Amino acid sequence: MLAMVVGVSADSLTTIDPAALYRKTIPEDKQLDPAWVESLTQRGHALDRGITGSKNDDSLKYIGMPVGGIACGTVYLNGDGRLYVWDLWSDGHIGVVQQVIPLPEGFPNWRKRNDVPVHCGANYMKPPTIEDFPPSFAQGFGLRFADGSLKKFEAADWDAVEFAGTWPIGTVSYKDSKSPVRAELKAYSPFVPLNLEDSSMPVTIMSYTLTNTSGEPVSAELVGWLENMSNPPDSDKAGSVASKSGLTLLSHDCAIKAKMKREGTFDHSGTMALSYLGTGQKATVEQIPGIAADVVLKPGESREYTFLISWNFPVVRIKDSYKPKTIAHKNEYSARFKDATAVAEHVAENFDRLSSQTELWVKTWNDSTLPQWLLDRTIVTANTLQTANCNILADGAGGRFWAWEGIRVCHGTCTHVWHYAQAMARLFPELERNLREKTDYGFALQPNGVVPYRGTLKAGEGGGIAIDGQAGTVLRSYREHLTSADDTFLKNNWPKIKLALEYLINFDCNDGDFDGMLHGKQHNTLDASWYGKVHAISSLYIAALRAGEEMAQRMGDAEFETLCRDLYSKGSKNIGKLYNGEYYVQEEDPKHPEAIGVGPGVYIDQVIGQFWANQLGLGRLYNEEHIQSALNTLWKYNFVPDVRSFRDTFRKGRYYAWEGDAGLIMCSWPNGGLKDDFMNHWQYDYFNECMSGFEYQAAAHMVAEGTPELITQGLAVTRAIHDRYAPEKRNPYNEIECSDHYARAMSSYAVFLAACGFTYDGPAGLIGFDPVIHPEDFRAPFTAAEGWGTFSQTVGEKEMTAELGVNWGKLKLQTLKLNPMDLKVKSIDVTLNGKKISAELVSHEGGVSVELNTPITIEAGQSVGIVMN
């Protein structure tokens with residue numbers, strides 16, 4: 001039967017063949033601008049735009065960069081340097097801000113709603129601004145001159161204001177023809193990858209560099225003000241001032257009464273402080289409480305003045321089940337700091353280290369030959385860690401990491417969402433190990449090996465198992481081993497990892513085939529149970545078997561290693577039965593005609609197992625030609641140059657891409673097979689949407705395949721997302737799926753890894769690079785288990801040189817894998833800080849390995865140099 005779809009020119013249902021409509025609304029010729037395509041790979045190209053904004057083109061108002069510590073709530077830096085949102089405790093609202101907007105005219109509702117709430121894309125369609133959602137208390141900074149005039153650091157008070165985002169640092173510059181002072185703000189919270197303690201403090205640093213551009217001395221005051229944010233306002237909580245520990249400090253006791261929907265009012269009281277690095281400055285609690293720092297500048301002189309805003313709200317409320325009520329937990333940071341003053345004192349005492357290491361990371365990340373747009377887009381999604389989406393609860397030593405999918409929507413660090421995310425595992429691997437050990441393989445793990453997909457559910461409370469999330473948990477476990485310095489994690493958790501994989505193996509066995517494929521009820525990330533043989537889920541299962549084989553081999557578990565290898569071999573062969581000559585399809589179960597699925601549709605995740613294999617260095621899982629054809633087909637049938645033109649026809653779905661936006665839709669049926677039965681399910685709406693976390697997964701896989709065509713397509717998909725979040729259109733730091741700062745979007749980091757051709761095995765001391773963007777002259781950052789730094793290489797006609805330098809921490813090195821391309825290598829020279837060390841060259845498919853005869857540790861400031869000819 002032909003499906004009924006909304007017609008192009010009418011709001012009523014028609015019987016137009018959907019296949020014809022897909023082909024009409026998704027053109028094979030994407031008509032991409034050649035200059036835009038050039039900019040995908042060329043750093044410094046005129047269209048290679050990172051995240052910047054200017055008062056001149058009105059591109060500051062939507063910018064909202066998170067500038068608080070990891071798991072410390074949400075504080076936004078606006079494009080003009082003001083701070084807003086201030087979501088520092090659980091006040092119950094969904095998203096960064098709560099708003100509901102009307103449905104676009106002529107479009108159907110979603111799940112019986114006649115409006116667009118936050119989790120359906122309200123903050124995408126109408127990005128919030130500081131003017132629309134101003135803070136409920138007075139706070140800001142400015143220059144007060146000798147005549148008493150105050151020039152606030154906001155766009156309205158300066159002729160020229162420019163924003164440059166090199167997250168986690170936001171830089172705002174201010175110039176004015178009437179002012180003798182030029183100013184530059186650097187706003188951030190300490191952020192040092194691999195150092196979670198330093199990166200998870202409830203503080204925002206506001207460092208102003210003031211320059212006297214006149215020919216006369218300037219005397220002024222740099223003032224900061226911070227009202228008590230008590231709710232309701234409390235005149236008895238005026239605050240106190242002090243000069244201590246190298247600080248001038250203004251502190252507030254904040255009485256917060258937060259109303260929770262359906263739950264009443266809760267006490268979320270805490271403390272806040274405004275402090276200045278330096279003593280002897282004026283501070284007051286009269287009228288508007290604040291601090292004034294003396295500014296004396298000679299002609300041409302520049303000086304830096306630094307303020308801190310710190311906070312401490314001990315209680316956070318989260319959901320431990322599907323039941324509507326929330327449960328109070330203590331923030332982990334409150335176990336480290338007794339109040340906001342203690343936070344400020346700690347930061348002040350360690351400021352030089354915290355600020356220099358944060359700036360070192362920013363310099364390291366951006367010191368690259370990769371285009372700036374790609375560097376920006378592939379890392380900024382990790383800022384979800386710095387929002388109210390993430391919490392570290394004070395449950396035992398080091399706390400317990402817990403998160404929503406998007407801010408206050410869908411609880412429990414959901415396995416079928418979070419397994420897409422790659423950034424946290426590379427930047428702060430201890431958080432992923434925390435999730436595995438304390439949640440997935442801790443209190444959540446069931447006796448039969450089930451890892452409930454919402455980790456805070458108690459047994460029997462619902463939620464159960466998501467098969468894709470279960471496989472993803474096994475794969476993440478191997479990743480956590482690879483990102484460790486030794487095999488302690490794997491040894492400690494192997495019995496439970498094995499149990500989780502055994503559940504999938506038993507699922508395979510119980511379906512009667514035991515063929516390396518899954519068949520039966522398979523709940524998954526699109527919030528429904530699919531039946532039959534599902535290409536995407538079996539692909540993940542095959543990858544999990546391959547990872548299980550590797551882990552079993554390392555643990556000396558020969559019997560299980562053989563079982564995994566045999567099942568993997570079967571699955572690798574049998575999944576070919578789902579290939580239709582162009583792409584992979586779902587083999588539906590005729591016993592469940594009522595179930596939704598994709599059938600013969602072109603589904604975005606159809607070969608996701610290979611995506612995961614690329615993250616883990618597992619090699620080719622199954623037929624290379626078929627996989628590459630499937631990815632090319634995604635581009636052909638699912639990449640839409642203008643999403644609005646597509647949605648004018650296929651109107652159901654939420655709003656994460658719109659008019660003028662390009663994107664990769666979730667599923668299309670250009671060859672038929674879209675059934676009316678599918679459209680009777682509310683989950684059908686997902687198929688018409690562009691969700692960036694899924695798009696990045698497909699894009700990273702395309703880039704990793706390494707063919708020129710797929711590299712371009714993968715970068716184009718990624719760039720389309722970057723352009724959707726251009727500052728003049730919406731907040732470039734808030735990628736939205738089901739609510740704001742959605743976790744799945746952290747799969748963007750996988751695109752960066754694919755561009756670098758990065759592989760890493762910490763316990764084995766192995767690191768490798770096979771860049772696909774200008775490999776002849778390449779430089780990019782890397783992170784490892786205990787350190788991070790910069791890798792660079794040049795490849796000429798007669799020689800290849802490479803350098804692996806550590807900027808922070810250390811790196812254990814035994815093997816370095818490289819690709820000298822067409823160069824015929826006969827000799828090698830390896831040095832550590834200029835001193836020759838002994839090594840051998842081993843050729844293998846896809847390149848060479850430099851095998852050190854004795855393992856070394858590269859310390860911060862040291863580098864290994866390699867010359868091959």
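The model is predicted: local features need pLDDT of at least 70, side-chain atom pairs count only at pLDDT 80 or more, and totals for chains, interfaces and linings use all residues. Residues are numbered from 1 along each chain as its sequence is written, and side-chain values use heavy atoms, without hydrogens and water.

Arginine 426 sits in helix 10 (residues 423-427), a DSSP run of H or I of at least four residues, numbered from the N terminus. Beyond its neighbours within four places in sequence, its contacts (heavy atoms within 4.5 Å) include Leu194, Thr483, Gln615, Tyr749 and Phe758.

## The largest pocket

The largest pocket has a volume of about 1,400 Å³. A pocket here is an open set of points on a 1 Å grid, where a 1.4 Å probe fits, with protein on both sides within 12 Å along at least five of seven lines; lining residues have an atom within 4 Å of a point. Of its 44 lining residues, Gly619, Ala704, Gly757, Asp770 and Lys817 are the closest to the centre. Helix 16 gives the most to this lining, with 6 residues.

## The second largest pocket

The second largest pocket holds about 1,100 Å³. Its lining has 40 residues, and the closest to the centre are Ile94, Lys319, Arg408, Val409 and Cys410.

Conventions. Helices (H or I, at least four residues) and strands (E, at least two) are DSSP runs, numbered from the N terminus. Grid points are joined across faces, edges and corners, and a volume is the space filled by probe spheres set on the points.
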